[in-house]
Amino acid sequence: MEMMRGPIPPRSLLVSFQTETTMRSGLLILLTSCALAAPVVAQDDTGSIEATELTAEEQVAELIDEYTEAQQAFYKKIRAAETDEDRDKIIESDAPDSTAVVAGLMKIASDHKGSGAAFTALNWIVQNAEEPAASASAIDTILADHIENAELKGLCSMLQRNMNTASSQALEKILAGSPHDEVRGQACYSLASQMNATANLARKLQNGSASEDYLNYYTQNLGEERMAELKKADVNALGEQAVKLYERVVSEFGDIENRRGTLGSSAERALFELKNLQIGMLAPEIEAGDLDGVSFKLSDYRGKVVVLDFWGNW
Amino acid sequence: MYPHERSLVKRLENEPFALLGVNSDRDLDALQDVLKEENITWRSFWNGPEGTSGPISKAWNVSGWPTIYVLDSEGKIRYKGVRGEAMDEAVDNLLAEIKN
């Protein structure tokens with residue numbers, strides 16, 4: 001057998017070594033230099049070509065598994081660190097870099113455009129890529145090639161958390177383009193929640209009630225440009241848009257189940273908050289027993305400043 | 001949380017102020033010890049046996065705990081989600097409004 005030179009290729013490339021006697025030198029170069037799991041073809045004695053490549057699904061799973069393992073090893077190291085200093089050093093030097101796995105997944109996604117493997121790869125990128133550009137490009141590809149996928153709900157919840165225009169545009173595309181009511185309902189609900197959260201953030205920025213930690217968190221996530229936009233945004237208009245979207249959830253997608261019951265009941269609760277629990281509104285009455293079972297009302301405390309604290313000792 | 005709330009209640013004991021809780025523990029018997037240990041003297045509505053899914057927090061669409069509302073003496077909502085020093089400041093502002 002001709003000895004292999006260079007770095008050891010990843011496991012995915014080693015599976016086809018059973019007929020090594022007929023390996024051509026060109027193939028060896030491919031094996032030793034290519035970081036990606038490219039199709040490997042081995043020729044047997046009879047001269048017929050036998051493909052023994054991993055499927056695209058398997059390649060995706062392997063890339064993700066390898067990265068997940070690296071990440072778990074990294075977390076284990078962090079947990080084992082004895083001092084804060086050691087911990088910081090580990091974070092600085094050993095944090096797994098997702099760039100290579102993202103590039104690998106992107107390649108598989110483009111080689112197998114529109115496939116289930118591509119969808120898995122792109123979703124992973126959206127959820128895990130550190131580079132915003134990689135995530136944005138994966139979202140665009142999902143919308144272009146996978147708009148009919150029944151599993152787009154997860155992406156909606158993910159997009160809901162980003163209060164930027166690109167995310168709301170993506171949600172609008174899903175709402176308009178998905179053939180599945182479940183997906184469209186989630187997109188509509190996510191769009192409403194995103195709009196509501198945006199209105200709340202804009203209000204806090206404008207009335208100066210945001211704490212420093214809060215400001216830092218959102219500036220880091222949204223960027224200074226978006227924060228400056230929100231400082232000038234029309235808070236009431238944003239709130240009205242949220243109301244319209246929640247109302248659309250109730251009327252069009254009310255019966256669709258979600259984790260807390262139905263999309264309709266979740267939207268109704270959000271609407272109640274928007275219409276009754278805003279600053280300046282009279283607090284809704286509460287009448288219930290206290291911890292000794294004695295009934296009382298919130299309005300019993302009229303005339304006093306009241307802090308109402310929803311708490312639990314769990 | 002408890003020490004901060006205790007000191008707020010203590011500081012404002014002679015002011016027109018009340019700290020009211022909406023408690024979401026499922027088991028009230030187990031809670032009694034905590035009330036004693038932590039010296040929790042302020043009154044709470046009980047959210048019922050469903051805990052955090054109980055009727056009061058459901059009506060108020062509470063999804064994060066703790067959630068805080070500050071109401072003025074007329075019962076209007078004036079602040080939401082203020083904690084720590086921001087909560088103290090909110091209360092002081094509203095108490096000052098009554099006096100002016």
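These notebook entries record what I looked up in a predicted model with chains A and B.

**Entry 1: Chain B as a whole**

I began with chain B, whose secondary structure amounts to 4 helices and 4 strands. Reading along the sequence, I noted the pattern α-β-α-β-α-β-β-α for chain B. I then looked up the extent of the C-alpha trace of chain B, which spans about 45 × 30 × 20 Å along its principal axes. Chain B has 100 residues, and 30% of them count as buried. I also looked up how far apart in sequence the contacting residues of chain B lie. Among contacts between residues at least 6 apart in sequence, 39% join residues at least 24 apart.

**Entry 2: Where the two chains touch**

I next turned to the contact between the chains. On one side stand 33 residues of chain A, and they are in contact with 44 residues of chain B. Which elements of chain A give two or more residues to the side that touches chain B? I found helix 13 (263–276), strand 5 (287–289) and strand 7 (305–311) of chain A. Strand 7 of chain A gives the largest share of that side, with 7 residues. By class, the side of chain A that touches chain B has 19 nonpolar, 8 polar and 6 charged residues.

**Entry 3: A sheet with strands from both chains**

In general, strands of a sheet pair through backbone hydrogen bonds, and the pairing is either parallel or antiparallel. What is the order of the strands in this open sheet? I recorded 2(B)-1(B)-7(A)-3(B)-4(B), which makes an open sheet of 5 strands with mixed pairing. Strand 2 (44–46) and strand 4 (77–80) of chain B stand at the edges; each has a single partner strand, so one side of each is left without a neighbour in the sheet. On average, with direction ignored, neighbouring strands of this sheet are turned by 20 degrees against each other.

I then looked up the pairings one by one.

- Strand 7 of chain A and strand 1 (residues 17–23) of chain B run parallel and are joined by 7 bridges. In this pairing, A:Asp309 stands opposite B:Gly21 of strand 1 of chain B.
- Strand 7 of chain A also pairs with strand 3 (residues 67–71) of chain B, in the antiparallel sense and over 5 bridges. Here A:Val306 has B:Leu71 as its bridge partner, and A:Leu308 has B:Tyr69.
- Strand 3 and strand 4 of chain B run antiparallel and are joined by 3 bridges. B:Val70 stands opposite B:Tyr79 of strand 4 of chain B.

I also examined the hairpin formed by strand 3 and strand 4 of chain B, which has 5 residues between the strands. In this hairpin, B:Gly75 takes a positive phi near 90 degrees.

**Entry 4: Helix 10 of chain A and two partners**

I moved to the helices of chain A. Two packed helices are described by the angle between their axes and the distance between the axes.

I took helix 12 first. The axes of helix 10 (residues 181–207) and helix 12 (residues 235–253) of chain A come within 8 Å and cross at roughly 160 degrees. An angle over 145 degrees counts as roughly antiparallel, so helix 10 of chain A is roughly antiparallel to helix 12 of chain A. The crossing of helix 10 and helix 12 of chain A is left-handed. The contact of helix 10 with helix 12 of chain A has 14 nonpolar, 6 polar and 4 charged residues.

I took helix 11 next. The axes of helix 10 and helix 11 (residues 212–232) of chain A come within 11 Å and cross at roughly 70 degrees. Helix 10 and helix 11 of chain A are therefore roughly perpendicular to each other. From helix 10 of chain A, the residues that make the contact are A:Thr198, A:Leu201, A:Ala202, A:Leu205 and A:Gln206. From helix 11 of chain A, they are A:Tyr218, A:Met227, A:Leu230 and A:Lys231. By class, I recorded 6 nonpolar, 2 polar and 1 charged for the contact of helix 10 with helix 11 of chain A.

**Entry 5: One residue, A:Ile125**

Finally, I looked up A:Ile125, which lies in helix 6 (residues 116–128) of chain A. Is A:Ile125 buried or exposed? A:Ile125 is buried, because 25 other C-beta atoms lie within 10 Å, and 20 or more are required. Leaving aside neighbours within four places in sequence, A:Ile125 has contacts that include A:Val102, A:Leu105 and A:Ala138. I also noted A:Ser137, which is 12 residues from A:Ile125 along the chain, with 9.3 Å between their C-alpha atoms.

Definitions and conventions
Residues are numbered from 1 along each chain as its sequence is written. Chains are lettered from A and ligands numbered from 1 in the order in which they are written. This is a predicted model: local features need pLDDT of at least 70, side-chain atom pairs count only at pLDDT 80 or more; totals for chains, interfaces and linings use all residues. Axes are lines fitted to C-alpha atoms, for helices over the stretch in contact, and angles run from 0 to 180 degrees between N-to-C directions. Angles under 35 degrees count as roughly parallel, over 145 as roughly antiparallel, 65 to 115 as roughly perpendicular and the rest as oblique. A crossing is left-handed if the near helix is turned anticlockwise from the far one by less than a right angle, and right-handed if clockwise. Ala, Val, Leu, Ile, Met, Phe, Trp, Tyr, Cys and Pro count as nonpolar, Asp, Glu, Lys and Arg as charged, and the others, Gly among them, as polar. Two residues are in contact if their C-beta atoms, placed from the backbone, lie within 7 Å. Two strands pair if DSSP finds at least two bridges between them. A residue is buried if 20 or more other C-beta atoms lie within 10 Å of its own, exposed if 12 or fewer, and partly exposed in between; C-beta atoms are placed from the backbone.
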